[in-house]
2 protein chains.
Amino acid sequence: MTPLAPGSTIGILGGGQLGRMLAMAAARLGFDCHIYTPEADSCAARVSARQTVAAFEDERALAAFAKSVHAITYEFENVPAATAAVLEASGAPVSPGAKSLAVAQDRVVEKAFFASIGVATAPFARVDSRGDLDDALKRIGAPSILKTRRLGYDGKGQARIASAGDADNAYAAIAAAPAILEGMVKFEREISVIAARGQDRAFAAFDVCENEHNGGILSLTRAPARVNAPVTESAVAATRTLMDALDHVGVLAVEFFLLPDGALLANEFAPRVHNSGHWTEDACLTSQFEQHIRAIAGWPLGPTTRFADAEMHNLIGDDVGLWAHYASDPKAHLHLYGKGEARAGRKMGHVTRLTPRN
Amino acid sequence: MTPLAPGSTIGILGGGQLGRMLAMAAARLGFDCHIYTPEADSCAARVSARQTVAAFEDERALAAFAKSVHAITYEFENVPAATAAVLEASGAPVSPGAKSLAVAQDRVVEKAFFASIGVATAPFARVDSRGDLDDALKRIGAPSILKTRRLGYDGKGQARIASAGDADNAYAAIAAAPAILEGMVKFEREISVIAARGQDRAFAAFDVCENEHNGGILSLTRAPARVNAPVTESAVAATRTLMDALDHVGVLAVEFFLLPDGALLANEFAPRVHNSGHWTEDACLTSQFEQHIRAIAGWPLGPTTRFADAEMHNLIGDDVGLWAHYASDPKAHLHLYGKGEARAGRKMGHVTRLTPRN
């Protein structure tokens with residue numbers, strides 16, 4: 001593909017904070033953005049040239065949207081396959097492609113895909129019935145975690161199983177949806193790799209970072225991760241293998257567990273910019289958002305050089321009430337998403353603290 | 001003033017690239033922006049939540065705009081005084097205030113103001129008639145430069161006078177407008193100070209930078225300026241004196257000539273973010289755009305720490321056609337303004353090259 005010329009319009013599916021930060025990165029490169037979202041007054045639309053407020057199932061609105069833009073991307077992996085198909089049929093290139101979406105949308109397919117490319121994961125089993133869950137528990141044991149195959153995020157659609165006696169409750173908790181049982185591993189650290197792959201198949205990873213979760217939601221990311229060189233090399237190599245196997249174009253994030261013995265297990269991936277990559281905007285020459293826009297626009301990837309150590313804290317729900325505190329902290333880069341209501345668990349912003357490398 | 005809470009709306013007069021970059025900085029802090037501009041489809045409106053397209057003389061539109069926002073600022077100093085008065089009467093705070101605008105809009109008033117606060121300038125004389133020009137030339141001599149008092153920018157409204165014989169042509173060139181004659185000084189370097197003053201009267205300057213012009217338009221800015229410590233201290237002190245005397249709130253830029261003997265002469269100031277401060281977005285912990293939004297929103301100023309040496313080139317007119325070249329240069333941060341037509345002399349974007357400090 002010829003690089004998309006500045007002045008072109010990029011269509012973004014989804015109106016949340018990732019769409020907002022993608023839109024601002026695109027604007028800096030001279031692109032207009034058109035946000036497609038079911039949500040009126042979305043925070044991404046408020047920094048974009050155009051918006052369509054319509055359901056993801058509205059084929060007429062999707063076709064009109066596709067005709068109005070020169071390239072399409074998305075801020076979340078749960079874009080319905082039918083939606084992506086309508087867009088692709090309309091002619092505007094959609095990146096990342098259908099394979100990245102299909103694999104990321106289903107935890108069983110995702111884990112099997114990791115296995116097929118030689119990337120280790122925790123033990124897992126497909127659970128289509130209550131009986132399957134008993135069989136899976138016999139094989140994998142407890143503690144383990146039962147997750148819906150589809151549409152889970154930030155710890156939603158999950159139930160922990162401490163012992164076989166929890167099986168009934170867990171199965172009820174996920175409403176008997178098609179599921180996966182995953183063995184819980186004792187990990188020393190959770191790390192993630194944010195990387196990009198261009199239309200020219202170039203690959204560029206940001207420095208590996210480490211994450212802390214709280215109640216299933218990312219709380220803190222530290223870059224660089226406190227891990228040794230073989231671990232970072234192995235994590236980046238697995239990410240590259242995955243992106244090549246998906247023929248992925250754009251940014252992608254893989255979360256890994258680092259075990260006490262140094263082994264790495266892939267947990268999951270997101271075929272998009274990722275919360276654990278927000279620090280790149282403040283600490284790197286190219287942010288994950290600009291990198292994604294470069295990739296899907298057919299531009300060369302930018303340098304991922306990190307010029308400072310970084311710590312990113314999410315501002316979740318009421319945390320955003322601390323904005324005045326962070327505004328006064330000379331070490332804090334404050335990012336607020338312009339969302340109205342600070343509901344519990346809602347990501348309202350983040351703060352990056354930098355320590356220059358010297 | 002209580003700091004303006006995120007979610008509030010900031011009104012920006014003007015729809016050009018400075019308004020665009022201000023709007024994006026405001027969005028990052030969680031503000032919505034409302035652009036007021038006579039220009040349909042302005043590049044600032046395309047990254048903002050709201051816009052009003054109306055003339056600066058349209059008092060009804062101004063009043064409605066003022067009612068819809070919580071704070072007002074501007075991206076250019078030639079906001080008509082009547083416009084500012086209508087806005088102020090509507091109740092929304094306008095920063096910087098009327099004094100900064102009044103002094104900046106008139107070159108004679110500006111030069112006299114510098115003199116009144118003990119900041120040296122080149123010799124100047126007010127020219128209200130052809131006879132005044134002869135008197136001024138007798139006093140100041142040639143080479144000198146005749147400039148309209150109002151509405152000049154990027155070298156427009158100016159005529160050089162190499163010898164007294166050029167007086168007729170020069171006077172015709174500026175269409176006999178009220179003018180100022182300024183002695184041309186042989187300078188070694190042109191430098192500028194970009195600084196901010198908060199509503200709490202706190203002051204913070206970015207590192208002094210140096211500028212090269214081409215055809216009256218800024219071509220290149222280098223940070224830091226290659227000048228010694230007494231020069232930077234003197235330039236920053238003069239800027240602070242000016243901002244205090246204006247009771248300025250927001251960012252302000254002062255251009256100085258550095259003479260071979262080390263003396264500094266103030267050339268002019270702009271009561272706003274400035275082209276020679278664009279490098280701060282890529283090289284400093286806080287950009288001039290965020291700093292301005294912080295100041296006018298009553299937030300504390302951010303740290304101006306510079307973490308890299310920077311060189312900023314303007315992309316003027318057809319230069320923007322080189323976007324693919326800059327997109328491939330790993331040392332170049334490309335900023336494009338999303339303007340349609342690349343007319344000669346039009347500022348279309350800029351490129352910052354960073355050299356990390358180590």
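**Cysteines, helices and a loop**

Modeller: The sulfur of C43(A) lies 13 Å from the closest cysteine sulfur, which belongs to C33(A), and this is too far for a bond. Please keep in mind that the model is predicted.

Colleague: What is a disulfide?

Modeller: A disulfide is a covalent bond joining the sulfur atoms of two cysteines. A pair of cysteine sulfur atoms must be within 2.5 Å to count as one. Over all chains, this structure holds zero disulfides. C209(A) is also in no disulfide, the nearest cysteine sulfur being that of C284(A), 9.6 Å away.

Colleague: Are C43(A) and C209(A) buried or exposed?

Modeller: C43(A) has a relative accessible area of 3% and is therefore buried. C209(A) is buried as well, with a value of 0%.

Colleague: At what angle do the axes of helices α1 and α10 of chain B cross?

Modeller: An angle from 65 to 115 degrees counts as roughly perpendicular. Helix α1 (residues 17-28) and helix α10 (residues 288-296) of chain B cross at roughly 70°, and their axes come within 8 Å. The two helices are therefore roughly perpendicular to each other. The crossing of α1(B) and α10(B) is right-handed.

Colleague: Which residues of α1(B) and α10(B) meet?

Modeller: From α1(B) come L18(B), M21(B), L22(B), A25(B), A26(B) and R28(B), while α10(B) supplies F289(B), E290(B), H292(B) and I293(B). By class, this contact of α1(B) with α10(B) has seven nonpolar, one polar and two charged residues.

Colleague: How do α1(A) and α1(B) pack?

Modeller: Helix α1 (residues 17-28) of chain A and α1(B) have axes 11 Å apart and pack at an angle of about 160°. Angles over 145 degrees count as roughly antiparallel, so α1(A) is roughly antiparallel to α1(B). Their crossing is left-handed. R20(A), M24(A), A27(A) and R28(A) of α1(A) make the contact with R20(B), M24(B), A27(B) and R28(B) of α1(B). By class, the contact of α1(A) with α1(B) has four nonpolar, no polar and four charged residues.

Colleague: Where does L259(A) lie?

Modeller: L259(A) is in the loop between β13 (250-258) and β14 (264-270) of chain A.

Colleague: Is L259(A) buried or exposed?

Modeller: A residue under 20% relative accessible area counts as buried. L259(A), at 15%, is therefore buried. Leaving aside residues up to four places away in sequence, L259(A) touches V185(A), K186(A), F187(A), E188(A) and L265(A). L259(A) and K186(A) are 73 residues apart along the chain, yet their C-alpha atoms are separated by 6.7 Å.

Technical notes: Residues numbered from 1 in each chain as written. Chains lettered and ligands numbered in written order. Predicted model: local features only at pLDDT ≥ 70, side-chain atom pairs only at ≥ 80, totals over all residues. Heavy atoms only, no water. Axes fitted to C-alpha atoms, helices over the stretch in contact; angles between N-to-C directions. Helix = DSSP H or I, 4+ residues; strand = E, 2+ residues; numbered from the N terminus. Parallel < 35°, antiparallel > 145°, perpendicular 65-115°, else oblique. Left-handed = near helix turned anticlockwise from the far one by under 90°. Contact = heavy atoms within 4.5 Å. Nonpolar A, V, L, I, M, F, W, Y, C, P; charged D, E, K, R; others polar. Buried < 20%, exposed > 50% of the residue type's maximum accessible area, 1.4 Å probe, protein only.
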